[in-house]
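Good morning, and thank you for joining.

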Amino acid sequence: MEECARCESNKGYCDYTRTYDVDGLAKEWNFTCGYDRHFNATRFAVMTISIYVAVSIFSFLGLVAIICISYKRIKKTITKRRRKSVFKRINGGLLLKQQKEVDPSLVDKTILFTSHELAKATDNFNENRILGRGGQGTVYKGMLTDGRIVAVKKSKLVDESQLEQFINEVVILSQVNHRNVVKLLGCCLETEVPLLVSEFIPNGTLSDRIHDENDEFPLSLSMRLQIATEVAQALAYLHSATSIPIYHRDIKTTNILLDDKYRAKISDFGTSRFVSMDQTHLTTLVKGTFGYLDPEYFQSSQFTEKSDVYSFGVVMVELLTGERPISLTRFGENRSLVAHFMLAMEEGHVLSIFNAMVIKEGTRNELMVLANLAMRCLNQIGKNRPTMKEVATTLEIIRTSHIPSTFQTNIGQVMHGDKISMLTYNESTSPSLTFTD
Ligand SMILES: Nc1ncnc2c1ncn2[C@@H]1O[C@H](COP(=O)(O)OP(=O)(O)OP(=O)(O)O)[C@@H](O)[C@H]1O
């Protein structure tokens with residue numbers, strides 16, 4: 001085998017053409033070296049093999065990755081399912097225990113939602129769906145698959161007491177059926193802290209409506225009377241009409257929601273307690289909200305139905321004055337609306353601290369009866385406070401006898417028409433319609 005003149009290969013794959021001259025001398029022309037062809041073929045083969053190998057390696061790695069991801073996902077799903085069932089067992093057990101203690105007929109009556117259902121309803125607990133945040137957690141607006149709009153309460157932190165508060169709220173609310181108490185639709189036990197699902201109340205909190213200075217339609221006196229009466233009736237119902245009395249323990253204007261017709265709905269029963277008939281509730285930890293807290297309960301840690309009455313008294317004063325219960329700037333040294341109100345009552349000029357809208361729409365007699373009622377609720381000694389039933393009855397009388405301002409000469413007109421200074425105006429002359437002890 002001859003050596004290729006170009007690539008010096010003699011491996012036999014060179015395909016050259018050698019032409020001879022007439023004189024017999026070899027002369028090469030149209031030379032084609034087969035090495036190139038051979039080399040290209042080899043390169044092609046190597047490349048093909050490399051591609052195959054690379055594809056195989058990538059496919060293998062891809063497969064391994066898919067297997068790993070799937071494994072992780074399956075593991076996560078299994079862990080999630082396991083966690084769900086563990087939580088369901090723990091929460092369900094606690095719920096069952098509390099329900100059995102309170103009323104065995106409640107067992108199995110609570111409607112249970114799945115966590116998937118509630119995540120879907122709230123768009124995965126989307127920030128845009130937040131209705132409000134409280135001490136315990138966040139409340140989201142959601143829509144169930146049947147189209148019902150609901151509020152879903154989700155706790156932010158978890159400790160034993162919080163879990164208990166949630167279960168407590170479920171048990172209490174499933175006992176209660178009153179038009180002025182937020183209706184509990186059910187709960188989800190599959191999460192670390194149960195999720196509470198209740199009816200959605202569209203018009204925000206009473207606190208927002210009282211204190212929003214940009215509100216185009218501030219609450220009229222008729223609406224304030226209506227709201228106070230409804231809250232009082234709901235509390236009277238909780239204290240005396242349920243099978244076991246229920247104390248709310250955190251009555252305040254942020255826990256009073258307003259529906260589309262401005263009907264009041266009491267919410268947030270996390271700290272509420274059932275109490276057996278002859279028993280007041282002794283707690284190790286004073287619970288409630290500063291500004292609304294009964295001073296007697298604060299000192300003794302003994303919560304009675306009259307502690308709710310005190311908090312309701314604060315709500316009444318807030319409704320009448322439009323002021324917040326605590327202010328660092330408004331009430332001088334006292335900083336508390338209650339002290340400010342009591343002082344104004346003592347000095348005989350309480351109407352001067354009332355909200356302009358209330359003054360405009362109310363008669364002097366009506367307003368003095370309301371002021372006296374609030375004062376009785378705020379008595380330092382619990383025993384001397386009226387019951388919620390008494391308060392509700394009195395408010396109902398005032399509400400039904402109240403004639404909206406357009407039909408009457410109200411105190412605002414008298415005070416402004418006669419140019420009587422609000423600050424020097426003295427109500428010490430007793431009003432003709434009074435409900436005192
Ligand atoms: N059923 C509901 N419908 C509409 N909004 C609601 C509902 N429940 C609660 N909210 C809104 O969510 C907010 C937080 O409610 P939540 O009961 O958790 O706390 P809070 O009463 O404001 O505070 P805290 O728990 O510290 O006393 C409320 O102020 C209200 O704006």
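**Aromatic rings and the ligand site**

Please keep in mind that what you see is a predicted model.

Let me begin with the rings. A pair of aromatic rings is described by the distance of the centres and the angle of the planes. Tyr247 belongs to strand β8 and Phe303 to strand β13, so the pair ties together parts that lie 56 residues apart in sequence. Both of these residues are buried.

Phe303 also pairs with Tyr297: here the centres are 4.9 Å apart and the planes are at 80°, so the arrangement is edge-to-face. Tyr297 is likewise buried. Through these ring pairs, Tyr247, Tyr297 and Phe303 form a cluster.

Charged groups accompany some of the rings. The charged end of Arg249 sits over the ring of Phe303, 5.5 Å from its centre. Elsewhere, the charged end of Lys154 is placed over the ring of Phe125, at 4.2 Å from the centre.

I turn now to the ligand. Which residues come nearest to it? Of the 20 residues around the ligand, they are Gly135, Glu199, Lys252, Asn255 and Asp268. A polar side-chain atom of Asn255 is 2.3 Å from a ligand oxygen atom, and one of Lys153 is 3.5 Å from a ligand oxygen atom. Ile201 contributes a polar backbone atom, 3.0 Å from a nitrogen atom of the ligand. Taken alone, the ligand exposes 610 Å², of which the protein buries 86%.

Key:
Residues numbered from 1 in each chain as written. Predicted model: local features only at pLDDT ≥ 70, side-chain atom pairs only at ≥ 80, totals over all residues. Heavy atoms only, no water. Helix = DSSP H or I, 4+ residues; strand = E, 2+ residues; numbered from the N terminus. Buried < 20%, exposed > 50% of the residue type's maximum accessible area, 1.4 Å probe, protein only. Phe/Tyr/Trp six-rings, centres within 6.5 Å; stacked < 30°, edge-to-face > 60°. Lys NZ or Arg CZ within 6 Å of the ring centre and 35° of its normal. Near = heavy atom within 4 Å. Polar contact = N/O pair within 3.5 Å; in protein donor to acceptor, adjacent residues only side chain to side chain. Areas by Shrake-Rupley, 256 points an atom, 1.4 Å probe, with all protein chains shown as cover.
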